[in-house]
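Dear colleague,

Please find below the structure I said I would hand over. My notes on it follow.

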Amino acid sequence: MSEINCYTDKTTGRITLTRPEVLNALSYEMCLEMEAALTAWRDDAKITQVIIDAEGERAFCAGGDIAKLYETGRQGDFAYGHRFWTDEYRLNALIAHYPKPYIAFMHGFVMGGGVGISCHGSHRIAGNSAKFAMPECAIGLIPDVGGTALLARAPGQTGLFLGLTGYRMNAADSLYAGFADIFIDETDFAAAKDALIRSGAPDILADFACEPEKPACLPGWQRAVDRHFAAADIAALTAATGTAEIDTAITRALDHSSPLAMLCTAEIIRRLADDMSVERALALEYRYAHRSMQHGDFLEGIRAAIIDKDKNPVWRHKNMQEIDPMTVDFMLSAVDGQ
């Protein structure tokens with residue numbers, strides 16, 4: 001059974017993820033098929049825009065399909081992971097600079113790799129059920145697929161909060177943080193797509209845009225977030241003592257996420273301050289991803305969360321304070337001159 005359906009409808013290129021049974025997890029083959037379709041449509045004068053959506057009620061795309069990454073990595077085969085990330089990141093860059101409207105209809109979980117194939121597009125539509133997150137630190141990886149560029153552009157220290165805690169944003173929060181542009185009620189998704197296909201242009205989306213039902217939390221937390229994450233030394237971040245949701249998120253991250261991944265995430269966001277381009281973000285992310293199996297916590301994170309599901313990872317470091325700055329520099333040093 002196909003994992004993705006790429007086809008044309010009048011002047012619109014259509015991409016639909018068709019793996020609802022696994023929350024439309026993005027496989028390597030899906031990345032390659034998407035890239036081939038987008039490249040062909042980019043050079044086809046008859047195609048005026050692209051729509052991407054997904055089947056099922058629970059997720060647009062809950063992330064990359066990491067089972068094979070774990071299998072090959074455990075066997076000492078790191079080449080598969082390197083190839084996967086190289087090709088996936090090339091797809092993310094293609095979407096970020098796509099010369100035609102790229103319109104993503106997002107519902108349910110939009111996480112990790114799902115962010116990379118939607119939130120770099122020109123028109124990013126969040127629905128009622130959308131839950132956006134970059135939770136990679138919890139499995140020993142870092143927010144990748146160009147996600148650190150989105151985090152770096154978020155208001156104040158919001159990007160650090162989202163990247164280190166993996167907090168799940170609702171639709172209104174995604175608009176505030178810059179992960180989406182438009183809210184459309186999911187009951188109008190089908191009509192909006194039909195209108196897009198008839199018109200061949202995204203201007204019609206304004207007729208369907210409205211305000212999210214659930215309010216955003218992040219604007220009200222901004223001062224607290226900025227206070228918690230303003231320290232020059234993010235390793236000094238301590239568990240919050242309050243009982244508010246933001247305090248709970250910070251404490252959970254410090255208790256359960258990879259200290260190395262958290263520290264490297266913060267350093268990447270810091271390095272992006274003077275260049276928030278997707279290309280710069282992807283280059284830094286690849287350096288960490290390239291080393292994440294052999295020198296990081298990625299395999300242990302997948303084991304604890306996905307394979308054994310004991311939720312009890314044994315990280316290489318107990319906390320961020322014990323990590324030597326040279327370790328971070330090594331994880332983010334150039335790979336093959338890049």
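Is Lys311 buried or exposed? Lys311 is exposed, with a relative accessible area of 57%, where buried means under 20% relative accessible area, exposed over 50% and partly exposed in between, for a 1.4 Å probe and protein chains only. Lys311 sits in the loop between α13 (298–307) and α14 (325–331). Its phi is near 55°, a positive value in a residue other than glycine.

Before the rest, the basis. This is a predicted model, in which local features need pLDDT of at least 70 and side-chain atom pairs count only at pLDDT 80 or more, while totals for chains, interfaces and linings use all residues. Residues are numbered from 1 along each chain as its sequence is written, and side-chain values use heavy atoms, with hydrogens and water left out. Helices (H or I, at least four residues) and strands (E, at least two) are DSSP runs, numbered from the N terminus.

Loop residues

Lys10 also has a positive phi, about 55°, although it is not a glycine. Lys10 lies in the loop between β1 and β2 and is exposed, with a relative accessible area of 63%.

Ala244 is in the loop between α9 and α10 (245–256). With a relative accessible area of 37%, Ala244 is partly exposed. Ala244 and Thr187 are separated by 57 residues in sequence and by 33 Å in space, C-alpha to C-alpha.

The sheet of six strands

An open sheet is formed by 6 strands in the order β1-β2-β3-β5-β7-β9, with mixed pairing; two strands pair if DSSP finds at least two bridges between them. Its edge strands are β1 (4–9) and β9 (182–183), each of which pairs on one side only.

Strand β3 (residues 49–54) is mostly covered, with 6 of its 6 residues buried. In a regular strand the side chains alternate between the two faces of the sheet. Both faces of β3 are covered: Gln49, Ile51 and Asp53 are buried on one side, and Val50, Ile52 and Ala54 are buried on the other.

Which strands does β3 pair with? One is strand β2 (residues 12–17), which pairs with β3 in the parallel sense over 6 bridges. Arg14 has Ile51 as its bridge partner in β3. Between these two strands the chain crosses from β2 through helix α1 (residues 28–42) to β3, and this β-α-β crossover is right-handed; that is, with the strands pointing away from the viewer, the path from the first strand over the helix to the second runs clockwise. Strand β5 (residues 102–106) is another partner, joined to β3 by 3 bridges and running parallel. Here Ile52 has Ala104 in β5 as its bridge partner, and Ile51 stands opposite Ile103 in β5.

The sheet of three strands

A further open sheet has 3 strands in the order β4-β6-β8, with parallel pairing. The edge strands are β4 (59–61) and β8 (131–133), and each pairs on one side only. On average, neighbouring strands of this sheet are turned by 20° against each other, direction ignored. Axes are lines fitted to C-alpha atoms, for helices over the stretch in contact, and angles run from 0 to 180 degrees between N-to-C directions. Strand β6 (residues 109–111) and β8 run parallel and are joined by 3 bridges; Phe109 stands opposite Lys131 in β8.

Helix packing

Two packed helices are described by the angle between their axes and the distance between the axes.

Helix α6 (residues 158–165) packs against helix α9 (residues 218–229) at an angle of about 85°, with the axes 8 Å apart. That makes α6 roughly perpendicular to α9, a term for angles of 65 to 115 degrees; under 35 counts as roughly parallel, over 145 as roughly antiparallel and the rest as oblique. Thr158, Leu160, Phe161, Leu162 and Leu164 in α6 meet Leu218, Trp221, Gln222, Val225 and Phe229 in α9, contact meaning heavy atoms within 4.5 Å. The residues of this contact divide into 8 nonpolar, 2 polar and no charged. Ala, Val, Leu, Ile, Met, Phe, Trp, Tyr, Cys and Pro count as nonpolar, Asp, Glu, Lys and Arg as charged, and the others, Gly among them, as polar.

For helix α2 (residues 67–74) and helix α3 (residues 79–96), the axes come within 8 Å and cross at roughly 145°. Lys68, Leu69 and Thr72 in α2 meet Tyr80, Gly81, Phe84 and Trp85 in α3. This contact has 4 nonpolar, 2 polar and 1 charged residues.

Regards
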